[in-house]
Amino acid sequence: MNHYPIYTDLKGRPVLLAGAGHVAERKAESLLAAGARVRVVAETLNEHFRKWHASGVIEWLGTAFHESLLQGVFLVVAATDDHALNRRIFEAAEASGKFCNTVDQLDLCSFIVPAVIDRSPIQIAVSSGGSAPVLARKWRRQIETLIPQHTGKAAALAGKWRSRVKAQIADMSSRRRFWENLFDSRFDTLVAQGKKEEAEAELQAQLEGSGAQQGEVVLVGAGPGDAGLLTLNALQAIQAADIVFYDALVSEEIRALIRKDADKVCVGKRAGLHQVQQEQTNALLVEHALAGKRVVRLKGGDPFVFGRGGEEAQVLAEKGIPFRVVPGITAALGATAYAGIPLTHRDCAQTALFITGHCRPDGSELHWQTLARGNQTLVIYMGTIKAAEITEQLIAHGRAADTPVAVVSNGTLQKQSVRTGILANLPELAAAAERPALMVIGEVVALREELRWFADNGEN
């Protein structure tokens, strides 16, 4: 271990900062955020430093460094572009027993500043010992995706209750198990939802031994397929789940990110190939949540856009089961973007409509006059089987037969294919497309050749 890791309390402590340029500005921001009293020595102040000085945020000691400026300071940071000056500051700090950090000069540092993931009061530092700061920052970014934004709030609440928990649970091992179970329970979800009072009530109930063992359900949007389009909240949810019920549309790449020891159950439905009825899926969600499990319902696209997430949420609400929703990028947004087709454009489409080709048998007839209007983009989910009927109705209600159309299969994946043509031949395009596929109708499709950026296996 090259360096001994340590966190320093800078609140109200004076820190000498040499320099007032762009690099020094970043250092000053961090020091001020930590509550330090920043004293600056620099020939000139940049715009930010001038504002800080005018508002009394920092103290400007003058233009020239001299050893007397080290008196009474807690730390020293040298951030000038003068190497000789930086060395003189470091040597003076060493002689007076002050810790000094010199930007980008490891040999002139008695302490280094790590890359930090800040979820105060939780902080995680990543350091290369000054040898590869870019690599440390890279790993900080990757680790940051795993730490939920509400972690700090959960830690702050735990700190508030720590003495009471310690008084009630004397045994250290038992106390540790209590905290571990708490942070993996409904308490964490309540904090994430901003329900502080309910979170504290849950903590108290668990401390008193009456905390509900009931689990929760998270309805998670997996997006259109590309694992890179998962949200951070979605990734965190599937990596915390005890059991995941996933659709057939969820890609292998995304399923690979599910926690390894979680149970995985496919409840996917495709036209003509229904594996699990919706009512059965609803019952499974309820059953496992009541058993105290963290349940994830993982859906392609967005749970609330033709994903029956609303129906599932209604069942959960009726049963009194806690649930939350993690939105995802719906196929109409993801697949068209990867196909190089903007849904709207000032010149040719001021409206975009999303419809499904599969309605309930007792549902209302589609309003074809509205759907057939010009200067709008029509995106049809699950409609390839009815492509002939859709084409006939749109043309009959005024949509031009030569309106550009596209059929996108496996949108956002490496095997994506895009077939383009005109409305009159949409049935043929749909019949040749791999399912499931998304149909796009509108003048914006003509922009694909100009805007296509993602390599695909399309016909054109």
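A residue counts as partly exposed when its relative accessible area falls between the buried range, under 20%, and the exposed range, over 50%. Asparagine 375 has a relative accessible area of 42%, so this residue is partly exposed. Keep in mind as you look around that this is a predicted model. The points below visit two residues with positive phi, two cis peptide bonds, two helix pairs and some places annotated in UniProt.

**Positive phi angles**

- Let's stay with asparagine 375 for a moment: its phi is near 55 degrees, which is a positive value in a residue other than glycine.
- You can find asparagine 375 in the loop that runs between α14 (368-371) and β14 (376-381).
- Threonine 412 is another residue other than glycine with a positive phi, here near 75 degrees.
- Look for threonine 412 in the loop between β15 (404-409) and β16 (417-422).
- Is threonine 412 buried or exposed? With a relative accessible area of 2%, threonine 412 is buried, because the cut-off for buried is under 20%.

**Cis peptide bonds**

- Serine 120 and proline 121 are joined by a cis peptide bond, with omega at about 10 degrees.
- Proline 121 sits in the loop that links β6 (115-119) with β7 (122-126).
- Arginine 435 and proline 436 are also joined by a cis peptide bond, and omega there is about 0 degrees.
- For proline 436, go to the loop between α16 (426-432) and β17 (437-441).

- An unreviewed UniProt entry places the feature "domain: Sirohaem synthase dimerisation" at residues 150-207.
- The axes of helix α6 (residues 172-183) and helix α8 (residues 196-207) come within 11 Å of each other and cross at roughly 140 degrees.
- That angle makes α6 oblique to α8, because only angles over 145 degrees count as roughly antiparallel.
- The crossing of α6 and α8 is right-handed.
- Which residues make the contact? On the α6 side they are Phe178, Trp179 and Leu182, and on the α8 side Leu203, Gln206 and Leu207.
- Sorted by class, the contact of α6 with α8 has 5 nonpolar residues, 1 polar residue and no charged ones.

**Helices α11 and α12**

- Helix α11 (residues 278-290) and helix α12 (residues 309-319) have axes that come within 10 Å and cross at roughly 45 degrees.
- These two helices are therefore oblique to each other, because an angle must be under 35 degrees to count as roughly parallel.
- The crossing of α11 and α12 is right-handed.
- From α11, the residues Gln278, Thr281, Asn282, Leu285 and Val286 meet Glu311, Glu312, Val315, Leu316 and Lys319 from α12.
- By class, the residues of this contact divide into 4 nonpolar, 3 polar and 3 charged.

**The annotated active site**

- Where does UniProt place the feature "active site"? The unreviewed entry gives Asp247 and Lys269.
- Aspartate 247 lies in the loop between β9 (243-246) and α10 (252-255).
- The relative accessible area of aspartate 247 is 12%, so this residue is buried.
- Beyond its neighbours within four places in sequence, aspartate 247 is in contact with Val267, Gly268, Arg297, Leu298, Lys299 and Gly300.

Notes: Residues numbered from 1 in each chain as written. Predicted model: local features only at pLDDT ≥ 70, side-chain atom pairs only at ≥ 80, totals over all residues. Heavy atoms only, no water. Axes fitted to C-alpha atoms, helices over the stretch in contact; angles between N-to-C directions. Helix = DSSP H or I, 4+ residues; strand = E, 2+ residues; numbered from the N terminus. Parallel < 35°, antiparallel > 145°, perpendicular 65-115°, else oblique. Left-handed = near helix turned anticlockwise from the far one by under 90°. Contact = heavy atoms within 4.5 Å. Nonpolar A, V, L, I, M, F, W, Y, C, P; charged D, E, K, R; others polar. UniProt positions renumbered as here; feature names shortened; annotations may be inferred. Buried < 20%, exposed > 50% of the residue type's maximum accessible area, 1.4 Å probe, protein only.
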